[in-house]
Amino acid sequence: MTMIMTIITTVIVTERTNARNFHGLHGLNVALHAGLEYNKDLVGPWAAFGRCSASCGGGTKTRSRTVTTPAQHGGQACPALSDTQSCNNNKCPINCQVCPWSTFAPCSASCGGGTKIRSRTVTTPAQHGGQACPALTDTQSCNNNKCPINCQVCPWSTFAPCSASCGGGTKTRSRTVTTPAQHGGQACPVLSDTQSCNNNKCPIDCQVCPWSTFAPCSASCGGGTKTRTRTVTTRPQHGGKECPVLSDTQSCNNNNCPINCQVSQWSTFGLCSASCGGGSKTRTRTITLAEQYGGKKCPALSDAQSCNNNNCPIDCQVSQWSTFGLCSASCGDGSKTRTRTITLAEKYGGKTCPALSDAQSCNNNNCPIDCQVGPWSKFGRCSATCGGGRKTRSRKIITRPQHGGTRCPALTDTQPCNNNMCPIDCKVGPWSKFGRCSATCGSGSQTRSRKIITRPQHGGTRCPALTDTQSCNNNMCPIDCKVCPWSTFAPCSASCGGGTKTRSRTVTTPAQHGGQACPALSDTQSCNNNKCPINCQVCPWSTFAPCSASCGGGTKTRSRTVTTPAQHGGQACPALTDTQSCNNNKCPINCQVSQWSTFGLCSASCGDGSKTRTRTITLAEQYGGKKCPALSDAQSCSNNNCPIDCQVCPWSTFAPCSASCGGGTKTRSRTVTTPAQHGGQACPALTDTQSCNNNKCPINCQVCPWSTFAPCSASCGGGTKTRSRTVTTPAQHGGQACPALTDTQSCNNNNCPINCQVSQWSTFGLCSASCGGGSKTRTRTITLAEQYGGKKCPALSDAQSCSNNNCPIDCQVCPWSTFAPCSASCGGGTKTRSRTVTTRPQHGGKECPALSETQSCNNNKCPINCQVSQWSTFGLCSASCGGGSKTRTRTITLAEQYGGKKCPALSDAQSCNNNNCPIDCQVNTWGAWGSCDTTNNCRRQRTTTVKIPASNGGKPCNLTQVEDCSIPDVCDLECELQYEKWGACSVTCGTGTQTRITHEPNANKSRCNQFSTTQTRACIVECAPSKG
């Protein structure tokens, strides 16, 4: 027993000595129960395992516990206080490793766009989820410079008109570039060509000097004249313009001479216009001779002065009474009032104002008196502190009710109180240990809890928090880069000849905290490597070649050449020749003239003259034939040149003197208008110089430069500094006086420096972010600002990080894809686009939006193409000969709608009947009738000659006319007229002639031995329709 007490005493002493939180009585119970053997509860619980020493490839993690009661007196030793386990045994990811890029291979084309390729190989393939290999080949466009194209030009144009009609000019022709040189191709040749032309002498017009100024007018008023002149400087030659008039006289000062106005003496002043308050009195005078022709104007004809300026008295004036206002009391005698206001105040001794207010009594009956009670007293103490009691308050009567006033209310008031149940406070047990962390990285949480032993009731103290959470594993988790799907390729950079097209994708979540890096975000490929089509290029049309016939209908042709042939499917060449009809007019008869006569004598004995020759018309022009040429011809003729005297203009005014004093010169000049030639009189002197300003020049005072400034009298806060200079040349002859010889200026006006002073720091403000890491700031203020170069103020704000818990992550989606093709090309369809989720929402972030969208499309009505009928047959030709046109048509059977194909041409015209029109023969005047021939059935005849012969199948001439003649008793037998059939028409198409034979009797029908004649008439044969 003595041993047991000793052990107990030792345990208690040890507990006190080591300050352990171990209850002595509990130790006694343990010792007695265990027979003094060590108990495992004498070490604390294991802590949670720490972070693994490696994230992959095998690491270790450790946990520990502490000794709560060390072993003593031979007790059992403490068990292991730390525990180590393996962790993260999964293999570490191995990222793909590649070699550097090889150099690019040669380009596939030397120009017009090609591609070049480089590559790289994998040295370490990706394993265990490591980063995948990037692209191993890279293709780029190259030699995108366009292939050289040589310059192509059209043939030369005809020469343009000469730039001058005489005296020598130039004429120019040009050609245009049809295909400019490009991309280093052969440059274009010269595009313009200039030649001289019209080198004959030009006529010289008469030249005169400018008008002189007008001479003074011959009269200052009442009408005079003034004259100006000019002289001839160049006489007219070679048919130039004659000289204009050389003197000019104009009327001047035609205004009448001025007559000044004259007035009478002033009259006496009249009566004053007012007896007080200021009036006026007036005097007048009259005009005795009116002003004329700009003479002196008349002075004022009336004069007014003020009079009786003393103020007039003004009586006070007031408004009407207002209505009475409300009574001042509803009972027990009150009053009511009315008022009026001053509308014009009394002045200058006028009548004073009457009373402005008026009061009357009202409501004289006794007023009822209501009961008046005092305020409630405070409630007395409640009869119970909880579980229900009563409390009371009271008040006293101050005024009893009279004259029908309100009765008094209750004078006591009792209310229940403290009806609440008596409170029971909450009681809770001890905290449990913290649980495992919810995340291995990125900030997790671990929680501990405790239980309620007694729940609160009836307003007892509420239970404290039953759970407690703290953050753990706050290191950031690695975030791999996430990208959207590839976009569709953008249009090719060139439609042909080799271009590039590019597609891209965007980063939706960048790599962070060691996560997988982003792959390539753009991809470029070559496209449209087919050669570009080259359209055919042609020169402009040449001018039409001469007509194949000068009259009567012919054709003319023009052409153009190909400068660049069509290649690679380019637009084909248009027609290279064009033929038109021409010269459908009747053939002209050209004018004919005789030979030239010999030239006459020269018109001048010296200088340039002229001589003339003539010719006459032998055959006049007809039907648009060539007009007759000039019937006279003049040529210049020249003997020796005539002498020309020099001509000069009048002297100019003198220029300003070359010096303002001390002697200078002034000059005037005149110019040569016609230089002396061929021995004419030489020119006189063209300049004239005279001396001027011979007075002595003033000498200005001259001083030395300023000395440097002496040192400033103060280093700050304002001082002065001085400098000086001396006279080197005093002022003479009115020269400029000497300036000041000393100069004082202020200096160092800057204020002396003041150092900045600041207040104590404020407390930190709220955090700038509720999650994801923010900052909170404290500030201090400037109590004395830095001035004049003093010490600058220190930082006025100080920030610390706060709120490092994870922020909610909203759902992230890729951009919309492009819409899929419409389900219908017209008449209404639908198209759809979609997008994918790149980042799921976390930590309460926003949910994902819709991932697909459908819209209507191509709601336009489907196009309806125009439809037309078959061509009609061609109509009749608009002309039977000489070239006409015939037309065929078609009609619209279904009109174009909603952007369908437009209707083609509805009419079509072709040329027809291009054969020359027949020209009938025309004859001169008929000759006289011959004698009657009885041997030829009593007939006579007359003849004529051809004036214009028939052509192109026209009606031939009948140069003989025959008619019956009468001789009594010789030509009187009866016989009959007989006709043969008409012959065939002379043409197979168009207008021609046909003939027949007649057997005619004698006019007096004396005999029947008939004779034959030929009749001719016009005929028309319809032409067959042209094919097509």
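Predicted model: local features only at pLDDT ≥ 70, side-chain atom pairs only at ≥ 80, totals over all residues.

**A walk through the model**

User: Is His 733 buried, partly exposed or exposed?

Analyst: The relative accessible area of His 733 is 47%. Buried needs under 20% and exposed needs over 50%. His 733 has 47%, so the label is partly exposed.

User: What is the phi of His 733?

Analyst: His 733 isn't a glycine, yet its phi is positive. The value is near 55 degrees.

User: And His 843: what is its phi, and which loop is it in?

Analyst: His 843 sits in the loop between strand 57 (837-839) and strand 58 (852-857). At 46% relative accessibility, His 843 is partly exposed. It isn't a glycine either, and its phi is positive, about 55 degrees.

User: On to Thr 508. Is Thr 508 buried or exposed?

Analyst: Thr 508 is part of strand 33 (residues 507-509). Its relative accessible area comes to 18%. The limit for buried is under 20%. With 18%, Thr 508 is therefore buried.

User: Which side chain makes a polar contact with the side chain of Thr 508?

Analyst: Beyond its neighbours within four places in sequence, Thr 508 is in contact with Lys 482, Val 483, Cys 484, Cys 814 and Thr 838. One of these also has a polar contact of 3.1 Å, side chain to side chain, with Thr 508. That partner is Thr 838.

User: Now Thr 234. Which strand holds Thr 234, and is this residue buried or exposed?

Analyst: Strand 13 (residues 232-234) is where you'll find Thr 234. The relative accessibility of Thr 234 is 13%, so this threonine counts as buried.

User: How long is the polar contact between the side chains of Thr 234 and Thr 674?

Analyst: Leaving out residues within four places in sequence, Thr 234 is in contact with Ile 204, Asp 205, Cys 206, Gln 207, Thr 673 and Thr 674. For Thr 674, the side chains are joined by a polar contact with Thr 234, and its length is 2.6 Å.

User: What about Thr 392: how far is its C-alpha from that of Asp 413?

Analyst: Thr 392 lies in strand 24 (residues 389-394) and is partly exposed at 40% relative accessibility. Aside from residues within four places in sequence, its contacts are Lys 378, Phe 379, Gly 380, Asp 413 and Thr 414. Asp 413 is 21 residues away in sequence, and the C-alpha separation is 5.6 Å.

User: How far apart are the C-alpha atoms of Lys 666 and Phe 654?

Analyst: Lys 666 is in strand 44 (residues 664-669), partly exposed at 26% relative accessibility. Not counting residues up to four places away, it touches Phe 654, Ala 655, Pro 656, Cys 657, Asp 688, Thr 689, Gln 690 and Cys 692. Phe 654 is twelve residues away along the chain, and the C-alpha atoms are 6.1 Å apart.

User: And how far apart in space are Gly 600 and Ile 453?

Analyst: Gly 600 is in the loop between strand 39 (592-593) and strand 40 (608-614). Beyond residues within four places, it is in contact with Lys 611 and Thr 612. Ile 453 is 147 residues from Gly 600 in sequence, and C-alpha to C-alpha the two are separated by 156 Å.

User: Zooming out, what is the radius of gyration of the protein chain?

Analyst: The chain has two helices and 69 strands, and its C-alpha atoms fill a box of roughly 210 × 120 × 105 Å along the principal axes. A compact globule of 1028 residues would come out near 31 Å, whereas this chain has 66 Å.

Notes
Residues numbered from 1 in each chain as written. Heavy atoms only, no water. Helix = DSSP H or I, 4+ residues; strand = E, 2+ residues; numbered from the N terminus. Buried < 20%, exposed > 50% of the residue type's maximum accessible area, 1.4 Å probe, protein only. Polar contact = N/O pair within 3.5 Å; in protein donor to acceptor, adjacent residues only side chain to side chain. Contact = heavy atoms within 4.5 Å. Rg over C-alpha atoms; globule rule 2.2 N^0.38 Å.
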